[in-house]
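Please look over the model below. The report starts with a single residue and then widens to the chain.

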Amino acid sequence: MIFLPALPLILNIALKIAVSLIITFASLGFGNIRTFIKSSAVFIIINCIYAGIMLALWLFCAPMGMIYNNGVSYLDIPFWAVILSTSISYVILLIIRRVLDSKSDLDKKYQIEIVTSIGKVTLTAMPDSGNKLTDFLTGLPVIFCDIKCCSDICPQDIFTYLDDMNEKSASLRGIRLIPCSTVSGDTLAVCFKPNKLIIIDGQNKKEVNALIGFTKNGIKNEFGAIFNPNLL
């Protein structure tokens, strides 16, 4: 857009909103309409703030090598500076993420309420920072559950598939197969998206957006579910 002639305001805004929606979908997946609209709105607002800062910079103290057109800014920054600043930013974010994770209540017991069109079940759950599995297409995290505890609310095709791990033995409509690594080795997690997921901590309840997943060997502990603490 920076190489195009000055565009009409309405067309400029429409193009930027369309591109923002595409970027949000590519980065975070769709999930559900409410989550997608919220993520897109946050992304657009942040970009508007950035565009305003760049416009002020362009108007009052434009540095050498700066170009601003159609609400798009370009700074002629040396390649080594881009690599260095990106690396430093990544390290800072990584440190912040680890500090936040270390403060998570990983030693507490939680309840997870799973609601599907068939019924509802409540499981005792444990946060596990080692569970970082996400669906590549939707970007949704996977909550691993005990298949026996969810037998009354999950699709029957999941049981059929887990019996012989053969994709031809069951209809996988609405079911995702996601490669994962466990203590028993590499396998496939069989996942589906419930109608509603709620993490319960005493009197506090938080609705989350995630997939429910099962593996052939199941969960080898006293909990009915294991989830990523970032969902808290």
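Leu 100 counts as partly exposed because its relative accessibility is 45% (partly exposed lies between buried, under 20% relative accessible area, and exposed, over 50%; 1.4 Å probe, protein chains only). Its place is in helix H3, residues 79-102 (helices are DSSP runs of H or I, at least four residues; strands are runs of E, at least two; both are numbered from the N terminus).

Leu 100 belongs to a nonpolar surface patch of about 730 Å², together with Trp 80, Leu 84, Ile 88, Ile 92, Leu 93 and Ile 96. Such a patch takes residues with over 30% relative accessible area and no salt bridge, nonpolar side chains being joined within 5 Å; a salt bridge is a side-chain nitrogen of Lys or Arg within 4 Å of a carboxyl oxygen of Asp or Glu.

## Basis of the model

This is a predicted model, in which local features need pLDDT of at least 70, and side-chain atom pairs count only at pLDDT 80 or more, while totals for chains, interfaces and linings use all residues. Residues are numbered from 1 along each chain as its sequence is written, and side-chain values use heavy atoms, without hydrogens and water.

## Cores

The largest nonpolar core has 27 residues, and Ile 112 is one of those with the most contacts inside it (a core joins buried Ala, Val, Leu, Ile, Met, Phe, Trp, Tyr and Cys residues through side-chain atoms within 4.5 Å). A second, separate core of eleven residues includes Leu 140, Ile 178, Ala 189 and Ile 226.

## Whole chain

Of the 232 residues of the protein chain, 30% count as buried. The C-alpha atoms fill a box of roughly 65 × 35 × 35 Å along the principal axes.

Definitions and conventions. Patch = residues over 30% accessible without salt bridge, like charges linked within 9 Å, V, L, I, M, F, W, Y side chains within 5 Å. Areas by Shrake-Rupley, 256 points an atom, 1.4 Å probe, with all protein chains shown as cover.
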